[in-house]
Amino acid sequence: MATNPGILSEWPWKRLGSFKYLVLAPWVVHGCHLVATKGWRELDLSYIAILPSTLLRALHDQAWITVCPASTTPGANARSSTEASGLTRSTESGTGTSAILLLLGAVYMPGGQHLPLWRTDGAVLLVLLQAGPVEFLYYWFHRALHHHFLYTRYHSHHHASIVTEPITSVIHPFAELLAYQLLFSVPMITCTLTGTASIITFEIYVIYIDFMNNMGHCNFELVPN
């Protein structure tokens, strides 16, 4: 935990332990029910696609963890890797939290239902929003997290991993990770409300975010100087 944990530091489902994934069970059961009763032609693919997307993201993260040097190097890195793994047991629900937010958007947000597979205008809009306002807000939000008040209550938990690994990218208190999730949801929300959203665009976007997070914390210089 952080040095002086703030409000909403603890994950709501922490007490469930390994059973925390049951939070997603009603959605999985509902999706299977729709497939069984309505058939594929009448299904909302943008709703059903959230589950395979979540599994793909989990596999992507696991691939980074498997090949990361810090995960396989004995000795000096053993302590930090063990520490990170211990933290992970209570914080590895970042992908699950994202899935819940995507599910809520697919069900309740106007324009979030029956999305097409692809829209070029939506892809362009998403890239512009990510490269512009979202990156700008992310920079200043991250700077704010290093202020003493927020650092001791939230962000110090992230920096407890002295030797970083890919999984370090999602080691955050609940409130901090939720803020990140909402910030990176801005391009998707905007595309949805403007009627330019598409399934493939959203999938590429979330995989891109995961890729950059994993690469940024993998403790390996992919492009040496």
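Which residues does Leu126 touch, not counting residues up to four places away in sequence? In this predicted model, they are Pro187, Met188, Cys191, Thr201, Phe202 and Tyr205, with contact meaning heavy atoms within 4.5 Å. Residues are numbered from 1 along each chain as its sequence is written, and local features need pLDDT of at least 70, side-chain atom pairs count only at pLDDT 80 or more, and totals for chains, interfaces and linings use all residues. Side-chain values use heavy atoms, leaving out hydrogens and water.

The protein chain has ten helices and zero strands. Both kinds of element are DSSP runs, numbered from the N terminus: helices are H or I with at least four residues, and strands are E with at least two. Buried residues make up 41% of the 225 residues in the protein chain. Buried means under 20% relative accessible area, exposed over 50%, and partly exposed in between (1.4 Å probe, protein chains only). Among contacts between residues at least 6 apart in sequence, 79% join residues at least 24 apart.

Leu126 belongs to the largest nonpolar core, which has 15 residues. Such a core is a set of buried Ala, Val, Leu, Ile, Met, Phe, Trp, Tyr and Cys residues joined through side-chain atoms within 4.5 Å. Leu126, Phe184, Met188, Phe202 and Tyr205 touch the most other members. H7, H9 and H10 each supply at least two residues of this core. A second, separate core has ten residues, including Trp27, Leu34, Ile48 and Leu103.

Helix H9 covers residues 174-193. Its 20 residues should span 28 Å at 1.5 Å a residue, and the end C-alpha atoms are 27 Å apart, which agrees. The expected span is 1.5 Å times one less than the number of residues. H9 bends by about 40° at Val186, and Pro187 follows within four residues. The bend is the angle between axes fitted to the seven residues ending at a residue and the seven starting there. After H9 comes Gly195, whose phi is positive, near 75°.

Rings of Phe, Tyr and Trp (its six-membered ring) pair if their centres lie within 6.5 Å; planes under 30 degrees apart count as stacked, over 60 as edge-to-face and the rest as tilted. By this rule the count comes to eight aromatic pairs. Trp11 and Phe174 form an edge-to-face pair, 5.4 Å centre to centre with 65° between the planes. Trp11 lies in the segment before helix H1 (25-38) and Phe174 in helix H9, so this pair ties together parts that are 163 residues apart in sequence. Both Trp11 and Phe174 are buried. Phe141 and Tyr180 are also edge-to-face, at 5.3 Å and 85°. Phe141 lies in helix H7 (residues 120-145) and Tyr180 in helix H9, so the pair ties together parts that are 39 residues apart in sequence. Phe141, at 25% relative accessibility, is partly exposed; Tyr180, at 8%, is buried. Ring pairs link Tyr138, Phe141, Tyr180 and Phe184 into a cluster.

Helix H3 (residues 50-67) has a buried side. In H3, Ile50, Ser53, Thr54, Arg57, His60, Asp61 and Trp64 are buried. They cover an arc of only 120° around the axis, which puts them on the same side of H3. The arc is that of the directions from the helix axis to the C-beta atoms. Leu55, Leu59 and Val67 are exposed on the other side. What covers the buried residues of H3 includes H1, helix H2 (45-48), helix H6 (94-108) and helix H10 (199-216).
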